[in-house]
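Dear colleague,

I am handing over the structure below, and after it you will find my notes on what came out of it. Please read them alongside the model itself.

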Amino acid sequence: MAHLPGVDASQVVLAGRGQMAVVALYAALLHGGLQGLILSDLPDSLSAPSSPDGTGIASEILFALQHADLPQAAGLLWPTELVFYGPRPGTFGWTEDLYARLGAPGAIRHVMNLDQWRPGI
């Protein structure tokens, strides 16, 4: 992240919804050092098919599945705080198990309203 006067890069939280949640997840993974990542309406997997008309939840990230699917990519973010806004895809149970084994300072939160979440709490 470029240096911005008055911005503490370790306090940055990134958020994404739907297909952009996938982009936010990979951006957080590639950047590193973020305080948190808020994910909403995240697909279960990169292998989710799109609708015949090209719409839907499919995410086209070439060759990503050769290395890891979304739950494993999210696990690599530890100790970044992960916040699932709304329902969490079932496949992310793997990520929660990993975070539980690795423990603090990493944390996963579930909120139905963003007013329920405060960074680092």
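Leaving aside residues up to four places away in sequence, Leu37 touches Val13, Leu14, Ala24, Leu25, Ala28, Leu77, Thr80, Glu81, Leu82 and Val83. Please keep in mind that this is a predicted model, and that what follows is computed from it.

Leu37 also stands out in the largest nonpolar core, which has 21 residues, and in which Leu25, Leu37 and Leu42 touch the most other members. At least two residues of this core are supplied by each of helix H1 (19–31), strand E2 (36–40), H2 and E3, and the largest share, six residues, comes from H1.

Glu81, one of the residues that Leu37 touches, lies in strand E3. With a relative accessible area of 5%, Glu81 counts as buried, because that value is under 20%.

Turning to helix H3, which spans residues 93–102, its buried residues are Gly93, Thr95, Leu98 and Tyr99. The elements that cover these buried residues include helix H2 (70–75), strand E3 (81–85) and strand E4 (108–111). After H3 comes Gly103, which has a positive phi, near 70°.

With best wishes

Definitions and conventions
Residues numbered from 1 in each chain as written. Predicted model: local features only at pLDDT ≥ 70, side-chain atom pairs only at ≥ 80, totals over all residues. Heavy atoms only, no water. Buried < 20%, exposed > 50% of the residue type's maximum accessible area, 1.4 Å probe, protein only. Helix = DSSP H or I, 4+ residues; strand = E, 2+ residues; numbered from the N terminus. Contact = heavy atoms within 4.5 Å. Core = buried A, V, L, I, M, F, W, Y, C linked by side-chain atoms within 4.5 Å.
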